[in-house]
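Dear colleague,

Please read them with the model open beside you.

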Amino acid sequence: MNGAIPAIEHLVPHAGDMSLLDRVLFADDSSLIAEVTPKSGQLFCRDGEIGSWVGVEYMAQAIAAWAGLQARARGEDPKVGFLLGCRRYQAIVPAFEFDTALQVRVELQFLADNGLGQFECSIDCAGKRLASAQLKVFEPSDTEQFIKESMQ
């Protein structure tokens, strides 16, 4: 990608507590690396920890940031997408440590013309792989219409 990477709030259609990523460190046409630093008191913090299951949401938001960058490159605003499924999520830790920067990596495996995509994802810390998964996502061409039709 050419130029500076916009702040995360300009890439991901999440706001407030639901916006979990701190920033994008690197992005190109098929991959992205984002950073997140879990903190006590954040959304999804339970019993004094953020369970490693939250890694799926970190990965999904990193995919959203990648899609947001693609949209910005086309001169469009980022759109809402949907996480359809997760395959073989594996985490070697039960929870993510507070105040420790995690790198969330996503790599495009395929993206169909209808908005269906698949990404290979991982979460690393200090060179160690903490979690990995394959996520399937969908970005409809008309989100409002898609939601209306889904509710019928």
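Lys 39 forms a salt bridge with Asp 99, and in this predicted model the closest N and O atoms of the pair are 3.4 Å apart. The two residues belong to distant parts of the chain, 60 residues apart, with Lys 39 in the loop between β2 and β3 and Asp 99 in the loop between β6 and β7. Lys 39 is partly exposed, at a relative accessible area of 37%, whereas Asp 99, at 56%, is exposed.

A second pair to look at is Arg 23 with Glu 35, whose side chains meet in a salt bridge at 3.0 Å from N to O. Glu 35 counts as buried, with a relative accessibility of 15%, which falls under the 20% cut-off, while Arg 23 counts as partly exposed at 43%.

Asp 77 and Arg 72 also meet through their side chains, in a salt bridge of 3.1 Å from N to O. Of these two residues, Asp 77 is exposed, with 56% relative accessibility, and Arg 72 is partly exposed, with a relative accessible area of 34%.

Altogether, the count for the model comes to 8 salt bridges, including the pairs of Lys 39 with Asp 99 and of Arg 23 with Glu 35.

Notes
Residues numbered from 1 in each chain as written. Predicted model: local features only at pLDDT ≥ 70, side-chain atom pairs only at ≥ 80, totals over all residues. Heavy atoms only, no water. Salt bridge = Lys/Arg side-chain N within 4 Å of Asp/Glu carboxyl O. Buried < 20%, exposed > 50% of the residue type's maximum accessible area, 1.4 Å probe, protein only. Helix = DSSP H or I, 4+ residues; strand = E, 2+ residues; numbered from the N terminus.
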